[in-house]
Amino acid sequence: MSSQAIEAIYATGHWLLSNGRHAEASDVFRVMVLSKADDERGWLALGACHEAIGQRRLAIELYEIASVAAAPAVRCAIARGRALRALGRDDDAVEAFEAARELADAAGDSQLAELALHEGAAS
């Protein structure tokens with residue numbers, strides 16, 4: 001699939017998500033991750049859709065899949081930590097934020113490393 005088609009899919013899904021149409025957006029983002037599994041944005045948005053409809057455990061699993069499919073997927077690691085914290089799994093959340101910080105450091109992304117550190121401190 002062309003990068004232009006992926007961008008169109010992402011834009012459509014983002015519009016649906018932004019307008020509270022979470023189930024429809026999840027269908028669009030599912031197409032995106034199946035078409036371009038290494039694009040972290042699709043996984044992050046698909047997870048966000050499932051969180052919005054109350055399926056945090058599924059969202060956590062999607063963020064975990066992204067850690068392999070779209071590695072390093074730092075944003076998904078941070079989102080996983082947030083979802084774990086929302087479920088009251090604070091120790092797991094702290095571990096997720098620490099892993100996200102390490103991934104960000106390894107990728108040389110100081111802004112994401114700082115975000116992961118900040119999120120971990122909030123747990």
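Q: What do the side chains of E98 and R101 form where they meet?
A: The side chains of E98 and R101 form a salt bridge, with an N to O distance of 2.4 Å. The structure is a predicted model, and the distance is computed from it.

Q: Where do E98 and R101 lie?
A: Both belong to helix α6, which covers residues 90–107. They are three residues apart, about one turn of the helix.

Q: Which other salt bridge does R101 make, with D105 in view?
A: The side chain of R101 also meets that of D105 in a salt bridge, at 2.5 Å from N to O. D105 and R101 are four residues apart in helix α6, so about one helical turn separates them. D105 is partly exposed, at a relative accessible area of 44%.

Q: Moving to helix α2, how far apart are R30 and D27 along it?
A: R30 and D27 are three residues apart in helix α2, residues 22–35, so they are separated by about one helical turn. Their side chains meet in a salt bridge of 3.1 Å, N to O. R30 has 33% relative accessibility and counts as partly exposed; D27, at 47%, is partly exposed as well.

Q: How many salt bridges does the structure hold?
A: The structure holds 13 salt bridges.

Q: What about the charges, and how far apart are the centres of the two sets?
A: There are 12 positive and 19 negative side chains, and the centres of the two sets lie 5 Å apart.

Q: Now the fold: how many helices and strands are there?
A: The protein has seven helices and zero strands. Its radius of gyration is 14 Å, close to the 14 Å that the globule rule gives for 123 residues, so the protein is as compact as a globular protein of that length. The C-alpha trace spans about 35 × 30 × 20 Å along its principal axes.

Q: What share of the residues is buried?
A: Buried residues make up 35% of the 123 residues.

Q: And the accessible surface, what does it come to?
A: The accessible surface comes to about 6,600 Å², and 52% of it belongs to carbon and sulfur atoms.

Note on methods. Residues are numbered from 1 along each chain as its sequence is written. This is a predicted model: local features need pLDDT of at least 70, side-chain atom pairs count only at pLDDT 80 or more; totals for chains, interfaces and linings use all residues. Side-chain values use heavy atoms; hydrogens and water are left out. Helices (H or I, at least four residues) and strands (E, at least two) are DSSP runs, numbered from the N terminus. The radius of gyration is taken over C-alpha atoms; the globule rule is 2.2 Å times the number of residues to the power 0.38. Buried means under 20% relative accessible area, exposed over 50%, partly exposed in between (1.4 Å probe, protein chains only). Accessible areas come from the Shrake-Rupley method with a 1.4 Å probe; for residues, only the protein chains shown count as cover. Lys and Arg count as positive and Asp and Glu as negative; His and the chain ends are not counted. The place of a charge is taken as NZ of Lys, CZ of Arg, CG of Asp or CD of Glu. A salt bridge is a side-chain nitrogen of Lys or Arg within 4 Å of a carboxyl oxygen of Asp or Glu.
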